[in-house]
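Here is a briefing on one protein model. Keep the sequence and the 3D view open while reading.

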Amino acid sequence: MEHILQAIQSGAGGDEIAALPLPEAYRAAHVLRAEQQMWDDVPSEEKDPRKSLHVGEVPTPELAPDEVYLAVMASSINFNTVWTSIFEPLSTFLFLDRLAKESVWGARHAQDYHVVGSDASGVVLRVGSAVRNWKPGDRVVVHCNFVDDQDPSAHDDSMLAANQRIWGFESNFGGLADLAVVKANQVMPKPSHLTWEEAAVNGLCASTSYRMLVGRHSARMKQGDNVFVWGATGGIGAYAVQLVLNGGGTPVGVVSNPDRVRLLEAMGCENVIDRAAEGYKFWSDEHTQDEGEWRRLGKKVRSQIGEDPDIVFEHPGRQTMGASVFITKRGGTVVTCAATSGYMIEYDNRHLWMKLKRIVSSHFANYQEAWDMNRLIDKGAIQPVLSQTFPLEQVGDAALLVHKNQAEGKLGVLCLAPSAGEGITDPEKRERIGEDRITLFQRHARGEL
Ligand code: NDP
């Protein structure tokens, strides 16, 4: 891939890029089918992604007519990278085998390795014969909604498509690699003021938060809404806080240490709760929740903003859902996209129906929503929450930090990009938006806040 990197760095045009020979194999982070039982009987917290995520050469797959080959400059760690690497709740080889049954092109995905990664920034190298909107040389970012658009169910809201998948999690040839195979309808223009790694981290988390809060499929946040955000400096939470501020709402952000409190305040979130300092214990034992603790949290929120939240941005799951339903205002909305601490959820239904609250489920975003979120980033209204950057060889170390809840915002991964800081093509725009705003999470990680 060295010749491809050189061509990109020297500013080669589309025709030159299109003429570059493609390698027969490429470097990729992957898990192995032969190891999918390696963690049987090991508790989740002891599973170490450094042992299951390998970085090595895999063969270059054939390109389908509706796909592009992407030279991946940077990618990011998502929580789904952690799920794949710990083989929970399922081995992702089950997803690949199911995809393989759908079509000839789907069959490529069932390999003995799974190349992971659901984010990428990079340069288009080749396009399939059916691709109209992209050409070699285009600098792009990728969103991870993987949909067969010949299925009628994909045409109202593609997240409702019968065969909707998350690229690099439920499909192979993902972004944590030097090369990726991406459907043309996953590609979006790269924000010109961002580095490769700043551009790479947004796709999955930012678009997920967008769909949860903004638009007709969401909790329908409006100006003035109070939005309670769990994990407010985490991947999806940090974009949620920015969307609330950008949309004229009031965020109440929850984090678990004073360092994160400082970061959240630096983001402009004035109402912050340190859940560790408060010592909330919503479960008194494995089977029993403590309504008194839900009440204590609700009082804390009222003491800060004088009202109950219109919206609760929920993703921790079992540990917090009872409290989330309780503290939401009468007629308000809990919007959920995940269950990090357990998916068998319990809440007191009386607090839901008697106060006419609703629970809205959400999952990633359709192309239009991802595009609209990318546009907000391109305009400088929403900033990337990249905190640290790792070389691809250290993908396991980065995934371990996310697994252990030891990272803020997003962790970037350099693939072809040899060092951080490359890829900006509009430095004036960057200056206009403000270096300090763009790099807030990076400065925090360096201890500069
Ligand atoms: P991160 O690890 O980056 O952030 C999660 C945050 O949640 C942490 O920073 C932590 O903040 C908080 N948290 C963790 N455990 C608990 C708990 N038991 N109680 C309260 N807060 C907790 O992950 P992401 O933000 O990237 O993802 C969060 C979840 O959303 C994951 O399960 C992920 O798989 C899922 N997800 C789903 C998507 C979808 O499309 N459906 C898309 C993206 C993510 P603190 O400790 O500071 O409170």
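Rings of Phe, Tyr and Trp (its six-membered ring) pair if their centres lie within 6.5 Å; planes under 30 degrees apart count as stacked, over 60 as edge-to-face and the rest as tilted. By this rule there are eight aromatic pairs. This is a predicted model: local features need pLDDT of at least 70, side-chain atom pairs count only at pLDDT 80 or more, and totals for chains, interfaces and linings use all residues. Residues are numbered from 1 along each chain as its sequence is written, and side-chain values use heavy atoms, with hydrogens and water left out.

**Aromatic rings**
- A pair of aromatic rings is described by the distance of the centres and the angle of the planes.
- Trp-230 and Phe-282 pair edge-to-face, at 6.2 Å centre to centre and 80° between the planes.
- This pair links distant parts of the chain, 52 residues apart. Trp-230 is in the loop between β11 and α9, and Phe-282 is in the loop between α11 (275-278) and β14 (283-285).
- Helices (H or I, at least four residues) and strands (E, at least two) are DSSP runs, numbered from the N terminus.
- Tyr-280 and Phe-282 are stacked, because their ring centres are 5.6 Å apart and their planes lie at 10°.
- Trp-230 is buried at 2% relative accessibility, Phe-282 at 8% and Tyr-280 at 13%. Buried means under 20% relative accessible area, exposed over 50%, partly exposed in between (1.4 Å probe, protein chains only).
- Phe-228, Trp-230, Tyr-280 and Phe-282 form a cluster linked by ring pairs.

**Charges over rings**
- A charge sits over a ring if NZ of Lys or CZ of Arg is within 6 Å of the ring centre and within 35 degrees of the ring normal.
- Lys-183 lies over the face of Phe-146, 4.7 Å from the ring centre.
- Lys-190 has its charged end over the ring of Trp-196, at 5.3 Å from the centre.

**The open parallel sheet**
- Six strands make an open sheet with parallel pairing, in the order β13-β12-β11-β16-β17-β18. Two strands pair if DSSP finds at least two bridges between them.
- β13 (271-274) and β18 (358-361) are the edge strands; each has a single partner, so one side of each lacks a neighbour in the sheet.
- On average, neighbouring strands of this sheet are turned by 20° against each other, direction ignored. Axes are lines fitted to C-alpha atoms, for helices over the stretch in contact, and angles run from 0 to 180 degrees between N-to-C directions.
- Helix α8 (residues 203-213) packs on the sheet and touches β11 (226-229), β16 (311-314) and β17 (333-336). Contact means heavy atoms within 4.5 Å. The direction of α8 makes about 150° with that of β16.
- β12 (residues 250-255) pairs with β13 in the parallel sense over four bridges. Val-255 stands opposite Asp-274 in β13.

**Strand β5 and its partners**
- β5 (residues 120-127) is largely enclosed by the rest of the structure, because six of its eight residues are buried.
- Strand β3 (residues 67-77) runs antiparallel to β5, joined by six bridges. Leu-70 stands opposite Val-124 in β5.
- Strand β6 (residues 139-142) also pairs with β5 in the antiparallel sense, over four bridges. Gly-122 has Val-140 in β6 as its bridge partner.

**Helix α9**
- Ten of the twelve residues of α9 (residues 235-246) are buried, including Tyr-239, Gln-242 and Leu-243.
- Just after α9, Gly-248 takes a positive phi of about 80°.
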